[in-house]
Amino acid sequence: MDSHHNLKQFNTLGLDSVCDRYVRINSLSDLEALPRDLKVSEVLVLAGGSNLLLSPEINRLVAHIQPRNHIQLEDNLVVAWAGTSWHELVVWAVSKQLGGIENLALIPGTVGAAPIQNIGAYGVELKDVLVWVEVYNWQTGGYHRLSNEECHFSYRHSLFRYHDQPWIISRVGLDLRPNRPINLSYPALNQYLADNKNPNYADVAKAVTEIRQSKLPNPSQLANAGSFFKNPIINRNTAERLEKKFKKIPLFPVPDKPDMLKTSAAWLLEKCHFKGKRNGDAGFYDKHALILVNYGQASHRELMELIQSAKKTVKSKFGITLEEEVRIV
Ligand code: EPU
């Protein structure tokens, strides 16, 4: 165990952040070696660091799940160790002609982090294929499997989101199959593949990869943490009121919630002139308003000021409260 470890290279926003204690987790036995007497508030589980905004000082033990791919077939399910790269799992599934996660190509981060915010893109969410999540309880030293239902998944949300249990996700089980229908419901993806009469999983993964590369900055070239806010879900009355005033406001149906509509956080931010706006080295990306970026030496303060200003402006113009997708620690 190291003390005063700098996490700068382990968070894709590239922020300087020093933690009290740091331990590398490579395997189940490393999980089992964690001290049992730690409270939930005393531990931060870090994996790919692609959805985090870290404070300059973290007064906790950081358990860092190390990158290591381990994927196997078990009872007709694809079972992957938490430290497996999510994108490499997609590549593996596509190479085996197993369908279900091809729309989720190129999402940064690890398999273990994926259930926490129910990762989703291009018409598919992890919950559509997830069968179970295995967690390790560091206080009891035991493992426990939660079914899909028990995870309480919804848009960018799950039971794990608020970390009120002494749990570390160790493995997930996914139902990926050779006969799953292709999902081209997302208009941008459908358009991209318009000339392909019979796309396979590899074609879809390639299309998603290319669309993402054209829109989103690569964290290894420009530090960022993906979409910073969730797309707000508003009720129909609010949507109708807004539509009268802002004719072009994007509105999308929400599965299983007929009274609600999803709007676009990127559009709201753009209309409030935050696309490309900077505060020192902190900024909203000039090609996609929803991506908060660190142009070099952005400080935690500069980022937080920009976030607060964006939330305040969107609230006063549209009456909508933006909620962070990225976890602020
Ligand atoms: N738009 C703007 N201005 C912009 C960018 C987008 O007005 O600068 C509007 C356009 O109307 C566009 C709409 O926003 O049609 C949707 O844009 P996009 O297709 O890029 O998707 P998004 O809603 O911004 C969500 C996810 C992404 C995911 C894509 C594709 C959230 C918070 N974000 O973004 O996920 O890749 O859809 O499914 O749900 C992530 O979570 O980190 C992430 C990148």
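## Second largest pocket

The second largest pocket is lined by Arg-60, Arg-161, Tyr-162, Glu-323, Glu-324, Val-326, Arg-327, Ile-328 and Val-329. A pocket here is an open set of points on a 1 Å grid over the protein atoms alone, where a 1.4 Å probe fits and protein lies on both sides within 12 Å along at least five of seven lines; lining residues have an atom within 4 Å of a point. This pocket holds about 190 Å³ of space, the volume being that filled by probe spheres set on the points.

Its lining divides into 4 nonpolar, no polar and 5 charged residues. Ala, Val, Leu, Ile, Met, Phe, Trp, Tyr, Cys and Pro count as nonpolar, Asp, Glu, Lys and Arg as charged, and the others, Gly among them, as polar.

## Basis of the model

The model is predicted: local features need pLDDT of at least 70, side-chain atom pairs count only at pLDDT 80 or more, and totals for chains, interfaces and linings use all residues. Residues are numbered from 1 along each chain as its sequence is written, and side-chain values use heavy atoms, with hydrogens and water left out.

## Ligand shell

Helices (H or I, at least four residues) and strands (E, at least two) are DSSP runs, numbered from the N terminus.

Ser-227 places a backbone N or O atom 2.9 Å from a ligand oxygen. The protein covers 81% of the 830 Å² of accessible area that the ligand has on its own, by the Shrake-Rupley method with a 1.4 Å probe.

## Positive phi angles

Most residues other than glycine have a negative phi. Tyr-122 is in the loop between β8 (120–121) and β9 (124–125) and is buried (under 20% relative accessible area), at 9%.

Asp-75 also has a positive phi, near 50°. This residue is in the loop between β6 (71–74) and β7 (77–81). Asp-75 is exposed (over 50%), with a relative accessible area of 74%.

Technical notes: Buried means under 20% relative accessible area, exposed over 50%, partly exposed in between (1.4 Å probe, protein chains only). A polar contact is a pair of N or O atoms within 3.5 Å; within protein, one must be able to donate a hydrogen and the other to accept it, and residues adjacent in sequence count only if both atoms are side-chain atoms.
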